[in-house]
Amino acid sequence: MQPYTGLQCTQCHRFFPEEAPLGKCPECQGLLDTLLDETVLSYYSKRRLGNDARSMWKFHMFLPVKAGTIPVTAGEGDTPLRPVKSFPHLRNIWVKDETRNPTGTFKDRGASLAVTRLSQLKIRKLVLASEGNAGCSFALYSQMAGIRCHVYLPSDANNAKVELSKKLGAQVTKVKGTISEAGQHAAKAAEETGAYNASTFVTPFRHDGKGTMALEICQQRGWESPDYIVYPVGGGVGLVGMWKMFKILYRLGWIHKRPRIIAVQPTGCAPVVDA
Ligand SMILES: Cc1ncc(COP(=O)(O)O)c(C=O)c1O
Ligand SMILES: [Zn+2]
């Protein structure tokens, strides 16, 4: 039995059992979150976690998918936790090496999960806004699932990422402006063509994928939570996804404390740090 039950609005708290592929809350446009039945989840044991799936999917019970799901996977996640030796005066610092993911970033975690669920919900075309990395990830998994993928990127996006997205079968449109303008184009395209908008914090199916980083970190440390997590925040998907999983692990009693999460952003664009 899978613990996933459906979607809940973080603003108006309405519950949606998810028969349709939702994005934002149909009632109030708030962000939707996925809900797990933690009583069902508590039947799983951390000691009996299979190591057979060499991917984030060994944690399928924490993910918003139904029983019997066959994931759209390219081996994302299950990345090494490497000791950092370049600060001799500081001990016990580790880096989660997310470059080991199929397209080279942790965006693959969210895309594998979202494309898995969306293809079950019969989505055949999707759009998203990206700075480059998420575009590559969604291009890969969409191609694997036979979904058409259209990526909207700011015109100064990294060319290697643009080319990789194209090679992986995505249609790419460069947009004048920033990720914000790219987001507006993606939303308009979704409205006009009926494509599903898989952009950051429009779809509720990405953040739990990044949440698997928290699960892996705890397992790799023998179910001991780190004191601090330092995380490079853009849209905040990983921040929200990891914090959610640390909270669940704590409530389940799999870990005995939660880490403090330090959000790091560049000085020129730091809304989360400022907030
Ligand atoms: C390499 C890299 N680091 C950090 C981030 C921030 O991700 P998040 O949306 O989880 O804040 C992104 C995505 O924008 C990214 O591509
Ligand atoms: Zn709502």
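Predicted model: local features only at pLDDT ≥ 70, side-chain atom pairs only at ≥ 80, totals over all residues.
Helix H6 spans residues 207-220, which makes 14 residues. From its first C-alpha to its last it reaches 21 Å, close to the 20 Å expected at 1.5 Å a residue. Of its 14 residues, 13 are buried, so H6 is largely enclosed by the rest of the structure. An α-helix has 3.6 residues a turn, so residues three or four places apart point the same way. Just after H6 comes glycine 222, with a positive phi of about 65°.

Threonine 79 is in contact with Glu216 and Gln220, among others. Threonine 79 itself lies in the loop between H1 and strand S4, the latter covering residues 81-83.

Now step back to the whole protein. Its secondary structure comes to eight helices and eleven strands. The C-alpha atoms fill a box of roughly 50 × 45 × 35 Å, taken along the principal axes. How does the radius of gyration fit a compact globule? For 275 residues, such a globule would have a radius near 19 Å; the protein has 18 Å, which agrees. Of the 275 residues, 49% count as buried. The protein exposes about 13,700 Å², and carbon and sulfur atoms supply 53% of that area. Contacts also reach along the chain. Among those with a separation of 6 or more, 63% come from residues 24 or more positions apart.

Next, the sheets. One of them is an open sheet of four strands, in the order S8-S7-S6-S9, with parallel pairing. Strand S8 (171-175) and strand S9 (196-197) stand at its edges. Each has a single partner strand, so one side of each is left without a neighbour in the sheet. Helix H5, residues 179-193, packs on this sheet. H5 touches strand S6 (125-129), S7, S8 and S9. The direction of H5 makes about 160° with that of S6.

Valine 151 stands opposite valine 172 in S8. Cysteine 149 also has its place in S7. What surrounds this cysteine? Not counting residues up to four places away in sequence, cysteine 149 touches Leu126, Leu128, Phe138, Ala139, Ser142, Ala170 and Gln171. Cysteine 149 is buried, with a relative accessible area of 7%. Alanine 170 is 21 residues from cysteine 149 along the chain, yet their C-alpha atoms are separated by 5.0 Å.

Another open sheet has three strands, in the order S2-S1-S3. Here the pairing is antiparallel. Strand S2 (15-16) and strand S3 (32-36) are the edge strands, and each pairs on one side only. Strand S1, residues 4-9, runs antiparallel to S3, and five bridges join the two. Cysteine 9 stands opposite leucine 32 in S3.

The loops around these strands deserve a look. Which residues there have a positive phi without being glycine? Histidine 13 is one of them, at about 65°. Histidine 13 has its place in the loop between S1 and S2. Glutamine 29 also has a positive phi of about 65° and is not a glycine. Glutamine 29 is found in the loop between S2 and S3. At 53% relative accessibility, glutamine 29 counts as exposed.

One more stop is helix H1, residues 38-41, where threonine 39 lies. Threonine 39 is exposed, with a relative accessible area of 52%. The cut-off for exposed is over 50%. Proline 3 is 36 residues from threonine 39 along the chain, and their C-alpha atoms are separated by 8.0 Å.

Definitions and conventions
Residues numbered from 1 in each chain as written. Chains lettered and ligands numbered in written order. Heavy atoms only, no water. Pairing = 2+ DSSP bridges. Contact = heavy atoms within 4.5 Å. Axes fitted to C-alpha atoms, helices over the stretch in contact; angles between N-to-C directions. Rg over C-alpha atoms; globule rule 2.2 N^0.38 Å. Buried < 20%, exposed > 50% of the residue type's maximum accessible area, 1.4 Å probe, protein only. Areas by Shrake-Rupley, 256 points an atom, 1.4 Å probe, with all protein chains shown as cover. Expected span 1.5 Å × (residues − 1).
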